[in-house]
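Here are my notes on this model, point by point. Please read them with the structure open.

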Amino acid sequence: MQDLLLHIKQCTICEKHLPLGSRPIVVAHPDAKIVIIGQAPGTKVHKTGIPWNDPSGNQLRNWLGVTEEEFYDATKFAIMPMGFCYPGKGKTGDLPPRPECAPQWHKPLLEHLPDVELIILIGMYAQNYYLGKQAKNTLTETVANFKDYLPTYLPLPHPSPRNRFWLTKNPWFSKEVLPELKNRVKKII
């Protein structure tokens, strides 16, 4: 695992497309029980090198019902975004994750994580990649049908503060999905 992580940290396969250069952000340990697959790091995470070290991370930890200490314990949580580096800024937010990362690194990482009991898929990029044709037409439909993907996967929207409108419009998420998520995480860790 350490050799694989070293290779990933040295990865430059898409560097020419990255405005801030490559700085792969990934956390993994062979004993990890839960994998969090999000989109790609933002600028703050790129600067610090600490995944989910931003308001979205605060919201995610709240959704999971875990402390920062628990969240950053690699024997509990592996963190591997769809794109390991900051992809740059687009018109309405960050650009999509670079398409090179997941096909290059996810399978080898998952092969080194034999004790995983749950994979949390945050956002459409992760959901479409892992659920394929089983993903519904929209993120809302996929998350609403989260029980269809259990016990292996649990799809979530992105915990960005920008998603306040989505959360307000979909109160079932807080009533149905979050209790299930917190319960599963508590049992696993």
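1. Basis. This is a predicted model: local features need pLDDT of at least 70, side-chain atom pairs count only at pLDDT 80 or more, and totals for chains, interfaces and linings use all residues. Residues are numbered from 1 along each chain as its sequence is written, and side-chain values use heavy atoms, with hydrogens and water left out.

2. Annotation. An unreviewed UniProt entry places "domain: Uracil-DNA glycosylase-like" on residues 25-182. Its positions follow the numbering used here, feature names are shortened, and annotations may be inferred rather than shown by experiment. Over residues 25-182 the chain is 39% helix and 10% strand. Helices (H or I, at least four residues) and strands (E, at least two) are DSSP runs, numbered from the N terminus.

3. Four strands form an open sheet in the order 2-1-3-4, with parallel pairing. Two strands pair if DSSP finds at least two bridges between them. Strand 2 and strand 4 (153-156) are the edges, each pairing on one side only. Strand 1 (residues 34-37) and strand 3 (residues 118-122) are joined by 4 bridges. Val 35 stands opposite Ile 119 in strand 3.

4. Helix 9. Helix 9 (residues 172-188) packs on this sheet and touches strand 1, strand 2, strand 3 and strand 4. Contact means heavy atoms within 4.5 Å.

5. Helix 6. Which residues of helix 6 (residues 124-131) are buried? They are Ala 126, Gln 127, Tyr 130 and Leu 131. Buried means under 20% relative accessible area, exposed over 50%, partly exposed in between (1.4 Å probe, protein chains only). Seen down the axis of helix 6, the buried residues fall within an arc of 95 degrees, so they line one face. The arc is that of the directions from the helix axis to the C-beta atoms. These residues pack against strand 1, helix 5, strand 3, helix 7 (139-144) and strand 4.

6. Rings. Trp 63 and Phe 173 form an edge-to-face aromatic pair, 5.0 Å centre to centre, with 65 degrees between the planes. Rings of Phe, Tyr and Trp (its six-membered ring) pair if their centres lie within 6.5 Å; planes under 30 degrees apart count as stacked, over 60 as edge-to-face and the rest as tilted. Trp 63 lies in helix 3 (residues 55-64) and Phe 173 in helix 9, so the pair ties together parts 110 residues apart in sequence. Ring pairs link Trp 63, Trp 166, Trp 172 and Phe 173 into a cluster.

7. Loop. Pro 99 lies between strand 2 (77-79) and helix 5 (101-111). Pro 99 is exposed, at 58% relative accessible area.

Notes: Axes are lines fitted to C-alpha atoms, for helices over the stretch in contact, and angles run from 0 to 180 degrees between N-to-C directions.
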